[in-house]
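Please look through the sequence and the structure shown here before reading the briefing, which takes up a few topics in turn.

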Amino acid sequence: MNHDFYARDVRAVARELIGAVVRHGECAGMIVETEAYHESEPACHAFVGLTARTRTLFGPPGYAYVYRSYGIHALLNAVSEPAGVGAAVLIRALEPLDGIELMRSRRGVDQLGELCSGPGKLTQALGIELEHNGCDLLAGPVTIEPPSSWVPAPVVASERIGITRAVELKWRFTLAGSRYVSRPRPR
DNA sequence: GTATGGATCTTCT
DNA sequence: GAAGATCCATACA
């Protein structure tokens, strides 16, 4: 995996990140759900153009875009497409792999399926905060690694969740049959 | 099981 | 001053 992996169509990157592993410190999880966002559609923060907030989105690919959602949660994205194009992949859910006890204590719940089954949940479980905005996803401290054993993952495309604009685009990608996605069924 | 509302903060108007 | 790529507690069936 290198920065060129991210310098492509954000939808291809979102689909191919299913099965990759997000790691921060001793905690890690396999990506089972992503969504693609691109400056050409109004659900994307970069739709409004280059501002102080979106400068990471327009920056070079392979970096983390972390922002605060609803005043409470930090959401993790992987900046994609070449520099100058505002696009990113939202990491929406993980299957917990390493550091599960630490995740449990951070989240305050025991159930495996409740640790990382949502974009705000997984950042809390892994200890990812706003300070990681702009972090190099190949150098860390937050990293994304290729799958340890490559098995072709059956990926399902459906409509994105929790947005009010460009709802019709099927830019959400989930690992078929996973018990760890944020919602059991696409709507 | 579904439905509703509150928490809390960054950004932009 | 309002909106938002969310989560959780509570209420009710």
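**Aromatic rings, a helix and a DNA strand**

The structure holds two aromatic pairs, where rings of Phe, Tyr and Trp (its six-membered ring) pair if their centres lie within 6.5 Å, and where planes under 30 degrees apart count as stacked, over 60 as edge-to-face and the rest as tilted. This is a predicted model, in which local features need pLDDT of at least 70 and side-chain atom pairs count only at pLDDT 80 or more, while totals for chains, interfaces and linings use all residues. Residues are numbered from 1 along each chain as its sequence is written, chains are lettered from A and ligands numbered from 1 in the order in which they are written, and side-chain values use heavy atoms, with hydrogens and water left out.

**Aromatic rings**

- The rings of Phe-5 and Tyr-6 have centres 5.1 Å apart and planes at 85°, so this pair is edge-to-face.
- Phe-5 is buried, with a relative accessible area of 17%, and Tyr-6 is buried too, at 0%; buried means under 20% relative accessible area, exposed over 50%, and partly exposed in between (1.4 Å probe, protein chains only).
- The rings of Tyr-65 and Tyr-67, with centres 5.6 Å apart and planes at 15°, form a pair that is therefore stacked, and both Tyr-65 and Tyr-67 are buried.
- Arg-8 lies over the face of Phe-5, at 4.9 Å from the ring centre, where a charge sits over a ring if NZ of Lys or CZ of Arg is within 6 Å of the ring centre and within 35 degrees of the ring normal.
- Arg-160 lies over the face of Tyr-37, at 4.6 Å from the ring centre.

**Helix α4**

- Six of the eight residues of helix α4 (residues 119-126) are buried, so the helix is largely enclosed by the rest of the structure; helices (H or I, at least four residues) and strands (E, at least two) are DSSP runs, numbered from the N terminus.
- The buried residues of α4 are Pro-119, Gly-120, Leu-122, Thr-123, Ala-125 and Leu-126.
- After α4 comes Gly-127, whose phi is positive, near 75°.

**DNA strand C**

- Among the 20 residues around DNA strand C, those that come nearest are Tyr-67, Asn-77, Arg-107, Gly-120 and Gly-162, and a residue is near a strand if one of its heavy atoms lies within 4 Å of it.
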